[in-house]
Structure formats: structure tokens, C-alpha cells
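Q: Could we go through this model together, taking one feature at a time and asking how each should be read?

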Amino acid sequence: NPNKPIVISTWNFGIAANEAAWKVLSRKGRALDAVEQGVHVPEADASNNSVGLGGYPDRDGHVTLDSCIMDEKGNCGSVAFLEHIVHPVSVARKVMEETPHVMLVGEGALQFALAQGFEKTNLLTPEAEKAWKNWLKEKKYEPVINIENHDTISMLAIDAAGDMSGACTTSGLAFKMHGRVGDSPIIGAALFVDNEVGGACATGHGEFVMKTLGSFLVVELMRQGLSPEAACKTAVERIVKKYPNYREIQVGYLAMNKKGEYGSYSIHKGFSYAVHDGSGNRLISSGHHIQ
Ligand code: SD4
């Protein structure tokens, strides 16, 4: 008895993103369109300092974006280190649909976006610029993820036809090194969808998600029969076991299987996600490793 359509996404702003996705899903639209429309909401929200417009820049003052998308057929597209584009997820979708490639980065990604008709926009808002100038006073290079209330939006949806897609988009760690790319555009790290099994996505300190290829791991664990929450927990425990400094970082995984069962797990308390299904849109607190 599959629970569909359904959409889930990371953090409190997932509520507003789910609403936009639900508009597509409730009209029997495709999950791929739903996740693209859904993550557009925080991308365009200038008051959100960790995604797209209004995102905090790198330490040289550039807002650089990482984003990816994956559909029910196993197609995927991704952009990284992309500047000046409000909706990087849509550029990622164009990479998927209009090129023979999976990933474009930096200048090449920007050239491609402009050729596809995307507009060049200044993404550095006065507020983000002020925060950066403040940071420059001390230049303390400590790209630590806040434990609570973030950040990257990652989203998974199953449409009325029972097909799953996912998307992930971010401006990455605030004041990161120029050129730094995180987990968010890496297929298998911050996002993986296998329509036979389910999907998983990530938020938090990307380096640790990349080192363990977390989302791919979660999907493979679900393939072996673990519930979404148990799979996320096992992937978090992999980080905990391997990296002694795990207490200093936050990583959260969110997963959903083919039946529309979902779950999450994080290292620290404070990770939440939003679920929208037939019974409404609500925020759920994640289970966490450090009690
Ligand atoms: C990154 N994973 O660039 C992103 C940031 C993030 O919650 O998700 N923060 O590492």
C-alpha cells in the first residue's frame, strides 16, 4: 500500500519547499518537476543564508553554488562551483536533459547556463556581504556547520505514478576556500535515487558525506532490507566509527523507500525535516547519535 504522492525535505524551510512540490504532485505531476519546483523556494529566498540568492560567500566574497537532481530512470545532472545563477538546480536539470554529461563546473557551467537562457544575477545580498566583511576582520578559517537550523535543501518525492526523484541545492559552507565543492552536487554523496529501492539525501558537513558516499550507502542498505531510519542510522554510525572528530560536525541523512516509508538520522540533535503527504505538511525531529 504505497504512501503516495509524498515529498520530504531537509530542515524547517522544507515546509515551504514541500508546499511548492505538493502543487505539482497533487495535480498528478512528475516527481522530477516537484523536486525542482520545491527547492526553487529556498534558492530564491534571500533571507536564507545557505542556499542560492542570499547565500554566504566563500572567503574571497564569491557566492558559489552546488546542486544536483536525479530522476526515476537513474538519469542525473549536476553543477558545482557555479556563480551568478538563482536556480542552479534547473541548470543541473538541463545538464541532465540537454547534454551527454552528468556534471559541469565553474565557468563552463556558467557558460552553459547562459547559453540555455538563464540570467546572470548578483547573488551577494547586502546582508551576506556584511556578514562576510565581519568575518574578514578575524578570518578565522573554521568552516564548522551549525548544528541546528540549516541549510542545504535536499528533497525526495514520489509521484502519483509511484516514481521517485530527488534534488539537492546549496551555497555550501560559509566562507569556504574559493573553489571548494561539497557533497551537494556529488551523485551518491548528497543524493541518490534508485526507483526500485528508494532514495536518500544529506545535509551537513559535506566532506564527511563525501568520504563515506553516504546517500549511495543508505540506498544500498535499504536494498538489503533496512528501514529508511535504520539505513540512515547505519550511515551516520559509519562516520562516527571512522572519524574521531565526529563530535565537531553535523551530518543528517534523510531517506524514503519505494513504499513511501521515510526516516532520518543525524550525528547531533537539532536536525529536522518536513513531510508532506495526503495528511498534510509537518515537521519531524530526527533521531540522533549524540544523546
Ligand atoms: C556542504 N552539505 O556544502 C553542504 C552544506 C550543508 O547543512 O548541507 N549544510 O557541505
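Predicted model: local features only at pLDDT ≥ 70, side-chain atom pairs only at ≥ 80, totals over all residues.

Q: Which two quantities describe packed helices in general?

A: The description rests on the angle between the two axes and on the distance between those axes.

Q: Which residues of helix 1 meet helix 2?

A: On the side of helix 1 they are A16, A17, N18, A20, A21, V24 and L25, and the residues they meet in helix 2 include V35, V39 and V41. Sorted by class, this contact has 11 nonpolar, four polar and one charged residues.

Q: Is F192 buried or exposed?

A: The cut-off for a buried residue is 20 or more other C-beta atoms within 10 Å, and F192, which lies in strand 7 (residues 191-194), is buried because it has 29 of them. Beyond its neighbours within four places in sequence, F192 is in contact with residues including M70, I187 and F216.

Q: Which residues does the "binding site" annotation cover?

A: The unreviewed UniProt entry lists R180, V181, G182, D183, T203, G204, H205 and G206. Of these, D183 lies in the loop between strand 6 and strand 7 and is buried, with 32 other C-beta atoms within 10 Å. H205 sits in the loop between strand 8 and helix 6 and also counts as buried, with 23 C-beta neighbours. Setting aside residues up to four places away in sequence, D183 touches G206, among others.

Note on methods. Residues numbered from 1 in each chain as written. Helix = DSSP H or I, 4+ residues; strand = E, 2+ residues; numbered from the N terminus. Buried ≥ 20, exposed ≤ 12 C-beta atoms within 10 Å, placed from the backbone. Contact = placed C-beta atoms within 7 Å. Nonpolar A, V, L, I, M, F, W, Y, C, P; charged D, E, K, R; others polar. UniProt positions renumbered as here; feature names shortened; annotations may be inferred.
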